[in-house]
Structures are given as C-alpha cells and as structure tokens.
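Thanks for passing this one along for a second look. Here are my notes, written as numbered points so that you can follow them beside the model.

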Amino acid sequence: MSFYELLQQITSNPELHARWLNTLSFMENAGARKISACEHETEVDIIQLKHAAEEHRHAYYLKKQINKIDPALCPDYHADHLLAPVATRQYLHRLDILACKYLLQHFQLDRKALKYAAYLFVTYAIEVRADELYPVYQQVLTEQGHKVMVKSIILEEAGHLEEMIQQLQRFSPVWEEHAAAVAAIEQTLFNQWTECLQQEVKPAYA
C-alpha cells in the first residue's frame, strides 16, 4: 500500500482521520520540544526560536482541525487517541539517538555541540519528510473536498527546510554527505512507522 493509498483509507474514516490529525499534532509538538531542549544556555539564534514557535503552532493548528471532524474526538495525546502510538512516540526519539551516534562517529563534538548538531541534522531530515508528507495529505484532502486543510503548514515547512540548509552550510562544508546519512536513518524509521499505521488501519476495513 502506498502512502497516498494509506491516507485515502485514513481520511475516509472520521475516527481514524481525527487520530491521524492528533498523531501529526503530537509529532509536531514533540519536535518543538526537542528543538527547545537543544538550545544553548545563551547562544540561541532567532531561527531556532522561530522553528520551535512554528512547530508548536503547527501542533495547535492540527489539533484545531479535529473540530472540523468531531470536537469530541481526541481531546489529548493519550495512546487511545493516536495512530500506532508506540511507534509514533518512539519515532523522533529513536531518530535523535541514532543521529547522535552517527554524528559522534564523524565529528569531534562535546555534549553541547552534539546537541546543536543533532538539532541541525535531525530537523533537516524531518523537514525533508514534512516536505513530502503534507503535500500528499493535502492532495487527498482536496480530492475528497474535505474541510480539513494543511496548506499553511506546507508553506512554512518549505521555508524551514531552506533555513536548515543555510544553517548546515555554515556547520560543515560536507554537510550534504552527513545530511543524506541522517535522512537515510529517518527513511528506515518512517518505513517502520507507516507499516505500523497500516497494521492499525487494516482492521477498520476488514
């Protein structure tokens, strides 16, 4: 099943769709919290603050979109209100850990420098993913004439990706090689996550 087909199934079922939106909201919120956790005590630039603020806003926006389906659904991030909750909760955490292990193998970094490098490379990988995921989701929503919309998120995520590339260019002249390696790690985790989503969605259509 392609990701497009998976989203078609999810969005055609109101409860699954609400949980999907809540899952995206959870992941945006988790990303915002990780960005904030990577901040240096004093050396925090405006781009990092902007990213954290916008990821929090995305989490809020996606949460509000659930009201267009049913305001009573998914009031919080409890496991029952997420799709593939275990894989969803582990996704960013595992990416962060594996990216840190990779970066330590290729750069001489102290603890603070590692946190910042992880912020750069992990955020880049996630922005690449968002740049692929949200347009497919919006395509499905448009085809269904759905009231839910994610066009504003698509525009902001594209801007985030450009900003991350600029920061990575300043970090290392060979950033593309290492960004590709971290993106490959993310691809594996994304595949595992979507497999878990498919397993959860299938019973609803059995």
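**Notes on the model**

1. Tyr91 counts as buried, since its relative accessibility is 5% (buried is under 20% relative accessible area, exposed over 50%, partly exposed in between, with a 1.4 Å probe and protein chains only). Tyr91 is found in helix H4, which covers residues 85-106; helices here are DSSP runs of H or I with at least four residues, strands are runs of E with at least two, and both are numbered from the N terminus. Beyond its neighbours within four places in sequence, Tyr91 is in contact with Met27, Arg129, Glu186, Leu189, Phe190 and Trp193, where contact means heavy atoms within 4.5 Å. Tyr91 and Gln192 are 101 residues apart in sequence, with 9.0 Å from C-alpha to C-alpha.

2. A word on the basis of these notes: this is a predicted model, so local features need pLDDT of at least 70 and side-chain atom pairs count only at pLDDT 80 or more, while totals for chains, interfaces and linings use all residues. Residues are numbered from 1 along each chain as its sequence is written, and side-chain values use heavy atoms, with hydrogens and water left out.

3. How many cavities of 30 Å³ or more are there? The count comes to 1. A cavity is a set of points, on a 1 Å grid over the protein atoms alone, where a 1.4 Å probe fits but cannot get out; lining residues have an atom within 4 Å of a point. About 370 Å³ of space lies in the largest cavity, a volume being the space filled by probe spheres set on the points, which are joined across faces, edges and corners.

4. Its lining has 24 residues, and those nearest the centre of the largest cavity are Met27, Gly31, Glu55, Leu92 and Ile126. By type, the lining divides into 15 nonpolar, 2 polar and 7 charged residues (Ala, Val, Leu, Ile, Met, Phe, Trp, Tyr, Cys and Pro count as nonpolar, Asp, Glu, Lys and Arg as charged, and the others, Gly among them, as polar). Helices H2 (14-37), H4 (85-106) and H5 (111-143) each supply at least two lining residues, and H5 gives the most, with 10.

5. Asp110 caps the N-terminal end of H5, with a side-chain oxygen 3.3 Å from the backbone nitrogen of Lys112. After H5 comes Gly145, whose phi is positive, near 65°.

6. Please also look at the loop between H3 (46-65) and H4, where Cys74 lies. Phi of Cys74 is positive, near 50°, and Ala84, in the loop between H3 and H4, has a positive phi near 45°. Most residues other than glycine have a negative phi. Cys74 is buried, because its relative accessible area is 6%, and Ala84 is buried with a value of 6%.

7. Is Asn29 buried or exposed? At 18% relative accessibility, Asn29 counts as buried. Asn29 sits in helix H2 and, leaving aside neighbours within four places in sequence, is in contact with His56, Ala59 and Tyr77.

8. Finally, Asn191 lies in helix H7, residues 175-201, and is partly exposed at 34% relative accessible area. Asn191 and Tyr77 are 114 residues apart along the chain, and 22 Å separates their C-alpha atoms.

Definitions and conventions:
1 Å grid on protein atoms, 1.4 Å probe; cavity = no way out; pocket = protein on both sides within 12 Å on 5 of 7 lines; lining within 4 Å. Polar contact = N/O pair within 3.5 Å; in protein donor to acceptor, adjacent residues only side chain to side chain.
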